[in-house]
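Here is a short briefing on one protein model.

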Amino acid sequence: MSRFSDRVALVTGAASGIGLATAKRFATEGATVLLADRDVEKLGAALADLGGAPHDAIPLDVTDEPGWIALADRIGQRFGKLDILVNNAGFGKFATIAETSLDQWRAILAVNLDSVFLGTKHMLPLLAASGHGAIVNMSSIRGIVAGSGTGSYCAAKGGVRMFTKVTALECAEARNGVRANSIHPGHIATPLSAPAYADPDIAKKLLADVPLGRIGEADEIADAVLFLASDESRYMTGAELVVDGGTTAQ
């Protein structure tokens, strides 16, 4: 298939998990994919998975504004536009509010939320140059429903949800052709979540909240990302797409 044969897609957190699955799906559909991650070793392996050129791997700390500015300049010089931005980079470290340090709070918000602001701000001119730019921001079911011990993560992902809506409204008002939507995964099997799901007690507790009775796969989130990035969702902006096996339907 070649839904994205003329398009350039930037995916953050692309070295593994949902980011890598998304990058692979974009490449299969014909896009030129720019993989961004701070793990240089895994990033190289991810690029090899995609077959190398014309795709590219770019080391990036998503919390570093100068890094985003330099990346925008690099993309502008090479392509003159950006068609798709997937703000996927993120992580969670769960603790009660009382047990959460200020440094831990700030680190989780920086990677999960500040990065979305920085990516949007500095890639927006390139997305507007595309004429059909699409932003897909990775939130979570924790951006919709709370859970004990998830204070900083909920704050970050809830922020992603609402920031996405503001982005959508401002782009619509500017008539710049850019759409912005958010994805809200439930329990998904990735390298980051594997240790937790490997514990039978934790897995049993998590599955008790999933009506479909199984953990989701990274490819299933990637499919949702591609839909929101494609012309098939051209009348969607400011929306939230929940992919959680029915967890938040309860």
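F4 is buried, with a relative accessibility of 0%; buried means under 20% relative accessible area, exposed over 50%, and partly exposed in between, with a 1.4 Å probe and protein chains only. This is a predicted model, where local features need pLDDT of at least 70, side-chain atom pairs count only at pLDDT 80 or more, and totals for chains, interfaces and linings use all residues. Residues are numbered from 1 along each chain as its sequence is written, and side-chain values use heavy atoms, leaving out hydrogens and water.

**Aromatic pairs**

- The whole structure holds three aromatic pairs. Rings of Phe, Tyr and Trp (its six-membered ring) pair if their centres lie within 6.5 Å; planes under 30 degrees apart are stacked, over 60 edge-to-face, and the rest tilted.
- One of the pairs is F4 with F26: the centres are 5.2 Å apart and the planes stand at 80 degrees, so this is an edge-to-face pair.
- F4 sits in the segment before strand 1 (8-12) and F26 in helix 1 (residues 17-28), so the contact ties together parts 22 residues apart in sequence. Helices (H or I, at least four residues) and strands (E, at least two) are DSSP runs, numbered from the N terminus.
- F26 is also buried, because its relative accessibility is 0%.
- F117 and F163 pair as well, with centres 6.3 Å apart and planes at 80 degrees, so they too are edge-to-face.
- That pair links helix 4, which holds F117, to helix 5 (residues 151-174), which holds F163, across 46 residues.
- F117 is partly exposed at 41% relative accessibility, and F163 is partly exposed at 25%.

**Salt bridges**

- The count is 13 salt bridges. Each is a side-chain nitrogen of Lys or Arg within 4 Å of a carboxyl oxygen of Asp or Glu.
- E29 and R3 form one of them, at 3.3 Å from N to O. E29 lies in the loop between helix 1 and strand 2 (32-37), R3 in the segment before strand 1, 26 residues apart.
- E29 is buried at 2% relative accessibility, whereas R3 is partly exposed at 25%.
- R3 also meets E232 in a salt bridge, at 3.0 Å from N to O. E232 is in the loop between helix 8 (218-229) and strand 9 (240-243), so this bridge ties together parts 229 residues apart in sequence.
- R3, E29 and E232 belong to a salt-bridge network that also includes R25 and D223.
- R214 and E220 form another salt bridge, their closest N and O atoms being 2.6 Å apart. R214 is partly exposed at 40% relative accessibility, and E220 is partly exposed at 31%.

**Helix 4**

- Helix 4 (residues 102-130) has 29 residues and spans 40 Å from first to last C-alpha, close to the expected 42 Å. The expected span is 1.5 Å times one less than the number of residues.
- Helix 4 bends by about 50 degrees at L124, with the proline P125 following within four residues. The bend is the angle between axes fitted to the seven residues ending at a residue and the seven starting there.

**Surface patch**

- I144, V145 and V242 make up a nonpolar surface patch with about 180 Å² of accessible area together. Patches take residues with over 30% relative accessible area and no salt bridge, joining like charges within 9 Å and nonpolar side chains (Val, Leu, Ile, Met, Phe, Trp, Tyr) within 5 Å. Accessible areas come from the Shrake-Rupley method with a 1.4 Å probe; for residues, only the protein chains shown count as cover.
- I144 lies in the loop between strand 5 (134-138) and helix 5, and is partly exposed at 33% relative accessibility.
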